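Please look over the structure shown below before reading on.

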Amino acid sequence: MDKKIITIGIVAVIAIAAVGMFMIMNKEDGGSDVKPISLDGVDATEDNVLNGTYPIQRNLILCTNGAPTGNVKCFIDWITSDEGQAIVAEEFVPLPAGSRTTFTAPVSSDDIVVGGSTSIQATMTKLAAAYKEKYNINVSVSGGGSGVGASGTVSGQFDIGMCSRDLKSSEIASGLVPTEIGKDGVAVIVNGAGVSNLTIEQVAKIYSGEITNWKDVGGVDKAIAVIARDDSSGTRECFDKAMGSGWTMKSDVVKYNSTGGVIGAVKNTAGSIGYISIGQLSAL
């Protein structure tokens, strides 16, 4: 009986050790090791965005067709006040105290329609809910990307467009007026790459197709699956700009029209690389 117990114990220890070894090997092979990496030695944090050291960052903009008026102005003023900025700060870098506004109650009961950047969408949904609770004003929020936010505001589809980038000169020429509501950084995330830091040059070469295996940048021997945002995304435009002039993304990159799409794809693809808002890193 004692011998049987000892034997069972030994078998159990061996089995547990084998499972542990498998999990370690699987992780090293890129099983589910999803994490943000440093760029040029700088971590993807809000503090580094604010102090200007993080290399991929952007302004968060709300745009209106002409200067905001009526309920739209009241809502934007509330977002850029201390009260609204406390909600913005839950995911992004808020405006400095000296740049904030005072706000007044809505001037009518008119609904407000907001659309655009998926990076801002979740925060805007929280702002809309808080504003409705405070003033009983309905604010509907939809995504689609920064380009959709700008074009939809020009066409009158939206009262307010969300853009996770600065407005283009052509958009300003179309009559759009921007209001900055905070800042954000674009974090590069990887799954099972075996690296914790890349240079901007290395990231650019991965996305252009010059580097195709993680071992070429000090990581595991595994092909790199490259994931990006769609062409209308403000996150994409911010990322592209940081890659430098003359740079071109390779044609076979898998693209998604939302931050959630990129996160899901990277989580489900060993050896992948993608990029998302720093404010969304908690979703990893």
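How many helices and strands does the protein have? There are ten helices and eleven strands, where helices (H or I, at least four residues) and strands (E, at least two) are DSSP runs, numbered from the N terminus. This is a predicted model, in which local features need pLDDT of at least 70 and side-chain atom pairs count only at pLDDT 80 or more, while totals for chains, interfaces and linings use all residues. Residues are numbered from 1 along each chain as its sequence is written, and side-chain values use heavy atoms, with hydrogens and water left out.

Of the 284 residues of the protein, 44% count as buried; buried means under 20% relative accessible area, exposed over 50%, and partly exposed in between (1.4 Å probe, protein chains only). Contact means heavy atoms within 4.5 Å. Among contacts between residues at least 6 apart in sequence, 76% join residues at least 24 apart.

One place to start is R165, in the loop between β6 (160–163) and α7 (169–173). Is R165 buried or exposed? R165 counts as buried because its relative accessibility is 5%. Beyond its neighbours within four places in sequence, R165 is in contact with N59, I61, S146, G147, A150, E171, G234 and E237. The side chains of R165 and E237 are joined by a polar contact of 3.5 Å. A polar contact is a pair of N or O atoms within 3.5 Å; within protein, one must be able to donate a hydrogen and the other to accept it, and residues adjacent in sequence count only if both atoms are side-chain atoms. R165 and C238 lie 73 residues apart in sequence, yet their C-alpha atoms are 6.7 Å apart in space.

C238 belongs to helix α9 (residues 234–242), where G234, T235, R236, C238 and F239 are buried. At the start of α9, a side-chain oxygen of S233 comes to within 3.0 Å of the backbone nitrogen of T235. After the helix comes G244, with a positive phi near 100°.

The largest pocket holds about 210 Å³ of space. Its 13 lining residues include Q57, R165, D166, C238 and K241, which are the closest to its centre. On a 1 Å grid over the protein atoms alone, a pocket is an open set of points where a 1.4 Å probe fits, with protein on both sides within 12 Å along at least five of seven lines, and lining residues have an atom within 4 Å of a point. α9 gives the most, with four residues.

β3 is mostly covered, with seven of its nine residues buried. Nine bridges join β3 to strand β7 (residues 176–191), and the two run antiparallel; strands pair if DSSP finds at least two bridges between them. Across this pairing, N65 stands opposite L176. β3 also pairs with β6 in the antiparallel sense, over three bridges, and there I61 stands opposite C163.

Elsewhere, S142 is found in strand β5 (residues 139–144). S142 is partly exposed, because its relative accessible area is 30%. Not counting residues up to four places away in sequence, S142 touches V114, G115, G116, Q121, F158 and M162. S142 and A122 are 20 residues apart in sequence and 9.5 Å apart in space, C-alpha to C-alpha.

Note on methods
Points joined across faces, edges and corners; volume = space filled by probe spheres on them.
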